[in-house]
Amino acid sequence: MSPLVALYVRELRLSVRIGGGALMGVLFYLIVVTIFPFAIGPDLNLLSRLGPAILWIGALLATLLGLDRLFEADRDDGALDLMVASGQSLELLVIVKVAAHWTATGLPLVIAAPFLSLLLAMPVDVTLASLATLLVGTPALTLLGAIGAGLTVSLRRGGLLLPILVLPFTVPVLIFGVAAATAVAFDPAAFRTPFLLIVALTLTAAAISPIATAAALRNGLD
Amino acid sequence: MFYWEGPPFAPETPVNQPFQPFSLVVETLSVDRGGRRVIEDVGFEVAGGEAILVTGPNGVGKSTLLRALAGLGRPAKGAVRLLADSVADPEEVGRHAHYLGHRDAVKPALTVGENLAFWQDFLGADGGEPVDTALDAVGLADLAALPAAYLSAGQRRRLAIARLIAVRRPLWLLDEPTAALDVASEAGLVGLMAGHLERGGAIVAATHLSIGLAGARALRLVAEEIA
């Protein structure tokens, strides 16, 4: 097995075993989205109008939930040392770890979204649009979060610092994600532009995040 | 698609085949840690078949020295080179070395076998012992299917030591390798180290116990006088 494939498989295994965050993220997402109708009240029109925003905020918070452990666990048990010393490109390792983390925690959120949209009385076209924006947008959240995880890896209790560092940078993704999904209800043609902007944001994050994260990890090595 | 430089030296070497001659050269190495110079102008050379035991009081920089040799953390001055015919970039020592640190890199949620199999896949399996054989060599063969969370500190250490033989690397950098080991396992480790030297491998080990290794040289780090 190639080293990168082996790492991907291991990350997935760890995330579904005891102490892994795969199920936790989806459950948290479910709880957050369920709480909104209680706070807003039984106004179905209002709920369905707010639906995409609620789905996105829930996904954003659920993504941040497990990110602090992305590198911390490997640092604490010395695995990160071995990975850095192995001579394998740290940037590639970051990409693989982020990909595995998204598969285990981001993808389930996307899959859960259509079911949660029922709770919010969202119309079918808006649900599908939200699904599409979440699918291309959540990788950007994970990628941005990885930079924060790399920066806070050497700090004890860095888990609280991470959202503060990362959340401001996720605002553009949030804006265009909600804009694209909401636009569908009024004018299907208006979906395209914000949707392409999320794609652009994700691609930009994919280019920057591995380099920034690897630099942060190297810096925090000792 | 992804470029992975294979295992060090000859790719399809059987387990017991000797390593090609090489030497690790450390020149005027200085390392800072926390803004303080911990290692100052350390220099030595180890060739294949030789072992160096780094000794010295706590906090004198034994671990820092080994980390620097493995390529973890940038040295403030000096260089570490691995010289051999088949090594393209002598500065990349870590690629040809095993670093056995204080922490065992064992994931509690994975089984003993999965832990070792991952490192074998990640670091390159060519020329190393199969997972079963390596576990057997450290006395963990019966526990292969057990989650590593149930291992004792000594057993976790032995699992980390199994990595040394599951992945074939010419240079072993061992930081307090006998920590948490009982007398029998300690003897077992010394046996593995002697076998590694016999095959022409090199060892740099930090320890404050006397490891009964024939022909090992000592490098004593001394705390700098505070003026």
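This is a predicted model: local features need pLDDT of at least 70, side-chain atom pairs count only at pLDDT 80 or more; totals for chains, interfaces and linings use all residues.
Student: How many residues of strand β6 of chain B are buried?
Tutor: β6(B) covers residues 171-175. On one side, Leu171(B), Leu173(B) and Asp175(B) are buried. On the other, Trp172(B) and Leu174(B) are buried too. The count of buried residues in β6(B) is five of five.

Student: How many bridges pair β6(B) with β7(B)?
Tutor: β7(B) spans residues 202-206 and pairs with β6(B) in the parallel sense. Leu173(B) stands opposite Val204(B) in this pairing. Asp175(B) has Ala206(B) as its bridge partner. The number of bridges between β6(B) and β7(B) is five.

Student: Which residue of β6(B) is the bridge partner of Leu100(B)?
Tutor: Strand β5(B), residues 97-100, pairs with β6(B) in the parallel sense. Four bridges hold that pairing. In β6(B), the partner of Leu100(B) is Leu174(B).

Student: In β7(B), which residue is the bridge partner of Val54(B)?
Tutor: Strand β3(B), residues 51-55, runs parallel to β7(B). Four bridges join the two. Val54(B) has as its bridge partner Ala206(B).

Student: In what order do the three strands of the open antiparallel sheet of chain B stand?
Tutor: β2(B), residues 36-47, and β4(B), residues 77-83, each have a single partner strand. They therefore stand at the edges, and one side of each is left without a neighbour in the sheet. The twist from one strand to the next averages 15 degrees. The order is β2-β1-β4.

Student: Which residue in β4(B) is the bridge partner of Val25(B)?
Tutor: Val25(B) lies in β1(B), which covers residues 23-33. Six bridges join β1(B) to β4(B), and the two run antiparallel. The bridge partner of Val25(B) is Arg81(B).

Student: What angle does the direction of helix α1(B) make with that of β2(B)?
Tutor: α1(B), residues 62-70, packs on the sheet. It touches β1, β2 and β4 of chain B. Its direction relative to β2(B) makes an angle of about 60 degrees.

Student: How many of the nine residues of α1(B) are buried?
Tutor: The helix is mostly covered. Its buried residues include Leu65(B), Leu66(B) and Leu69(B), and also Lys62(B) and Arg67(B). Gly71(B) follows the helix with a positive phi, near 90 degrees. Of the nine residues in α1(B), the buried number eight.

Student: Which helix gives the most to the side of chain B that touches chain A?
Tutor: The contact takes 24 residues from chain B and 25 residues from chain A. α1(B) and α2(B), residues 112-123, each supply at least two residues of that side of chain B. By class, the side has 12 nonpolar, four polar and eight charged residues. With four residues, the helix that gives the most is α2(B).

Student: What ipTM does the predictor give the complex?
Tutor: Chain B has a mean pLDDT of 82, and 89% of its residues reach 70 or more. Over residues 1-13 of chain B, however, pLDDT stays under 50. For the complex, pTM is 0.88 and ipTM is 0.86.

Student: What share of the residues of chain B count as buried?
Tutor: Chain B comes to five helices and eight strands. Among its contacts with a separation of 6 or more, 73% join residues 24 or more positions apart. Of the 227 residues of chain B, the buried share is 45%.

Notes:
Residues are numbered from 1 along each chain as its sequence is written. Chains are lettered from A and ligands numbered from 1 in the order in which they are written. Two strands pair if DSSP finds at least two bridges between them. Axes are lines fitted to C-alpha atoms, for helices over the stretch in contact, and angles run from 0 to 180 degrees between N-to-C directions. Two residues are in contact if their C-beta atoms, placed from the backbone, lie within 7 Å. A residue is buried if 20 or more other C-beta atoms lie within 10 Å of its own, exposed if 12 or fewer, and partly exposed in between; C-beta atoms are placed from the backbone. pLDDT is the predictor's confidence in each residue, from 0 to 100. Ala, Val, Leu, Ile, Met, Phe, Trp, Tyr, Cys and Pro count as nonpolar, Asp, Glu, Lys and Arg as charged, and the others, Gly among them, as polar.
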